[in-house]
Amino acid sequence: MGTNKISVRFERPEIIRPPSEWRSYYLPLTSGCSNHTCTFCNYYGRKLKLRDVQEVKEEIDALYMYKRYGMVMSGVDPVVYYLGQQWDGKRIFLQDGDALVYPYGKLLEALEHLNRRFPDLERVSCYATPQDILRRSVEELRRLRELKLTMLYLGLESGSDEILERVRKGVNSAQMIEAAQRAKEAGMVLSVTVILGLGGVEKSQEHARATARVLSRMDPEYAAALTLLFVPGTPLYRDWKEGRFRPVDPFGSLEELRIIVEDSEFTNCFFSSMHASNYVAIKGWLPREKERLLRELDAVLGQRDPSLLRPEHLRAL
Ligand code: SF4
């Protein structure tokens with residue numbers, strides 16, 4: 001075991017994680033995002049920083065000593081104990097914006113150490129960009145999966161190449177599909193997010209149709225819709241404030257959601273709009289429950305009653 005001290009050189013990022021990771025322990029490997037150019041994202045401008053793997057292993061050791069023996073050591077960031085206290089020992093979420101970018105050899109080292117200390121772990125997951133996946137071979141991804149990194153969260157955002165380029169996502173839809181296929185071939189589970197309203201009024205229909213098409217080709221086990229929120233400090237926020245981006249209204253975003261649900265052709269996907277950014281929450285298995293989800297959306301779209309929507313002040317990322 002290394003020293004008991006966790007270095008302060010690496011600044012621990014704030015916790016940004018998918019809603020389904022609420023009971024995970026959040027272990028940072030990086031902070032920021034390797035892309036950090038997407039014009040809508042709260043990672044915009046947050047350059048990637050890598051954490052020393054020795055520090056990562058020391059945190060795993062500190063967590064192990066705490067969970068196994070109740071030992072609290074000096075020099076360890078108190079957040080380790082705060083998170084550790086509530087942790088059931090089953091899931092780890094690797095921070096940050098795309099932890100899969102962490103150098104492969106070091107990622108193996110960190111995962112091997114996690115498995116050594118916590119052999120009963122159920123799963124490890126992280127955010128990943130398509131570039132991170134495409135940088136790895138199927139064999140390399142399989143090795144990660146064997147070490148329980150079994151789930152990747154991937155942001156498609158839009159299936160439209162024009163919109164992807166406009167928001168500076170750094171990849172096109174063909175690369176998105178290729179990355180999803182490679183991860184699936186390696187046996188990883190994918191959770192893919194899309195953003196309603198990302199094309200604005202102008203590109204609303206195109207955005208929804210192309211997103212349904214590409215999402216279906218990616219064919220993930222989980223898919224989630226978010227609704228665009230303007231993050232201060234981002235280029236899209238400025239475009240909106242200065243009138244260059246015309247946002248769709250809440251019912252417009254629900255019409256996009258309806259198109260995505262209706263046009264989708266999944267094998268078996270749990271689809272949801274439960275995220276707090278959305279105006280209406282739906283969830284169900286597609287294609288099995290497509291009719292029910294469409295009925296639920298039609299009930300709201302038919303009435304156009306704003307009181308049926310999540311109030312603006314309760315929407316959040
Ligand atoms: S959307 Fe994803 S790739 Fe783009 S800046 Fe945000 S975290 Fe990075």
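Predicted model: local features only at pLDDT ≥ 70, side-chain atom pairs only at ≥ 80, totals over all residues.
Now let's zoom in on E5. On one side, E5 runs parallel to strand E4 (residues 91-95), and 4 bridges join the two. One spot to look for is Ile92, whose bridge partner in E5 is Val124. To get from E4 to E5, the chain passes through helix H3 (residues 104-117), making a right-handed β-α-β crossover.

E5 also pairs with strand E6 (residues 149-157), again in the parallel sense, this time over 5 bridges. Val124 turns up here too, with Leu149 as its bridge partner in E6. Further along, Ala128 has Leu154 as its partner in E6.

So how buried is strand E5? Of its 6 residues (123-128), 6 are buried, so the strand is largely enclosed by the rest of the structure. In a regular strand, side chains alternate between the two faces of the sheet. In E5, Arg123, Ser125 and Tyr127 lie on one side and Val124, Cys126 and Ala128 on the other, and all are buried, which leaves both faces covered.

Finally, there's the ligand. Around the ligand you'll find Cys33, Asn35, His36, Cys38, Phe40, Cys41, Tyr43, Thr129, Glu157 and Lys169. By type, this shell splits into 5 nonpolar, 3 polar and 2 charged residues.

Key. Residues numbered from 1 in each chain as written. Heavy atoms only, no water. Buried < 20%, exposed > 50% of the residue type's maximum accessible area, 1.4 Å probe, protein only. Pairing = 2+ DSSP bridges. Right-handed = clockwise from strand over helix to strand, strands pointing away. Near = heavy atom within 4 Å. Nonpolar A, V, L, I, M, F, W, Y, C, P; charged D, E, K, R; others polar.
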